[in-house]
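Trainee: I have a structure on my screen and want to learn how to read it. Can we go through it feature by feature?

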Amino acid sequence: MHLNEWVLAHVQDLLGLGWLLVCWWGYSIFSRRRAKHVFCISSVLHQYRKRWMGNLLRRENRIADASLLNNLERNASFFASTTLFIIAGLVTGIASSEQLHAILPTLPFAVPTHAISVQFKLIVVLLIHIYAFFTFTWSMRQYGFCAVLLGAAPLDKDPDLEGATGKNYVRYMSKVIDRAGHTYNQGLRAFYFSLSVLAWLLNIWAFLLAAAFTVLILYRREFHSKTLHAMIGVGTLDLNELSKM
């Protein structure tokens, strides 16, 4: 590869990384702000979590609630374990990048590139999954905190259950579960965008389209999915609650 082609390839790599960050962080900021004005998966779940905590306080037997929290934590645990296997595979792939560089030109739509460029893209995927591992494990810990708060919940016979004690528990316990859910969601987004980076191994244009398509998928699922409409239809939700998230 000539010097000019080598420089162009590395400029494209940096531009591609910038596009990934714009799509990923840009969508995260957009979705967080839009969730304060319209119904989406996260804002609807926030209201149902508050209802869950309100109903929990009125139940004498809370085994079912503990089981639900355990299931949520198990989901995060599954993805945290999966990221470790992916990280191990990526480390092996980076060490064998020369063989991968030799195979790539045989794939459809693949554009010849430098071996260092292949390593750079694999390292980007590796860093994404390291980030995902930390987010999933933090989500697990937060669900663990929720379990402790569940055990410390006021009893159904507490005289101040309808007063400040009950209201504070519902408000702040639902916020802790919200934070655990948001962290879990951030880990899932990392998985989605890491898949778009795989298209980068073929050519930059495939990657640009893949990253943009990932944003479109996330937007439709979080703001316009049939599941969202069904969740809204289950109960009467309050738009005024959105700004309090």
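Trainee: Which helix has the lowest mean pLDDT, and which the highest?

Mentor: pLDDT is the predictor's confidence in each residue, from 0 to 100. Helix 4 (residues 97–103) has the lowest mean, 70, among the elements of the protein chain, and helix 7 has the highest, 94. Over the protein chain the mean is 87, and 89% of residues reach 70 or more. This is a predicted model, where local features need pLDDT of at least 70, side-chain atom pairs count only at pLDDT 80 or more, and totals for chains, interfaces and linings use all residues. Residues are numbered from 1 along each chain as its sequence is written, and side-chain values use heavy atoms, with hydrogens and water left out.

Trainee: How many helices and strands does the protein chain have?

Mentor: Helices (H or I, at least four residues) and strands (E, at least two) are DSSP runs, numbered from the N terminus. Here there are eight helices and zero strands.

Trainee: Which residues touch the most other members of the largest nonpolar core?

Mentor: The general idea comes first. In soluble globular proteins, nonpolar side chains tend to be buried together. A nonpolar core is a set of buried Ala, Val, Leu, Ile, Met, Phe, Trp, Tyr and Cys residues joined through side-chain atoms within 4.5 Å. Buried means under 20% relative accessible area, exposed over 50%, and partly exposed in between (1.4 Å probe, protein chains only). In this model the largest core has 33 residues, and Leu20, Ile128, Phe136, Val197 and Phe207 touch the most other members. At least two core residues come from each of helix 1 (3–34), helix 3 (63–95), helix 5 (115–151), helix 6 (164–198) and helix 7 (204–223). Helix 5 gives the largest share, eight residues.

Trainee: What is Phe136 in contact with?

Mentor: Contact means heavy atoms within 4.5 Å. Leaving aside neighbours within four places in sequence, the partners of Phe136 include Ala76, Phe79, Tyr184 and Phe191.

Trainee: Is Thr135 buried or exposed?

Mentor: Thr135 is in helix 5. Its relative accessibility is 6%, so Thr135 counts as buried. Not counting residues up to four places away in sequence, Thr135 touches Thr183, Gln186 and Gly187. Thr183 sits in helix 6 and is buried too, with a relative accessible area of 5%.

Trainee: Which residues make the nonpolar surface patch of about 370 Å²?

Mentor: Patches are made of residues with over 30% relative accessible area and no salt bridge; like charges are joined within 9 Å, nonpolar side chains (Val, Leu, Ile, Met, Phe, Trp, Tyr) within 5 Å. Areas come from the Shrake-Rupley method with a 1.4 Å probe; for residues, only the protein chains shown count as cover. The patch is made by Ile123, Leu127, Ile130 and Phe134. Leu127, at 51% relative accessible area, is exposed.

Trainee: How many salt bridges does a search of the whole structure find?

Mentor: Side chains of opposite charge can pair when their charged atoms come close. A salt bridge is a side-chain nitrogen of Lys or Arg within 4 Å of a carboxyl oxygen of Asp or Glu. The search finds four. One of them joins Glu162 and Arg58 (3.5 Å, N to O). That pair links distant parts of the chain, 104 residues apart.

Trainee: How far apart are the closest N and O atoms of Glu222 and Arg189?

Mentor: They are 3.1 Å apart. Glu222 lies in helix 7 and Arg189 in helix 6, so the pair ties together parts 33 residues apart in sequence. Both Glu222 and Arg189 are buried.
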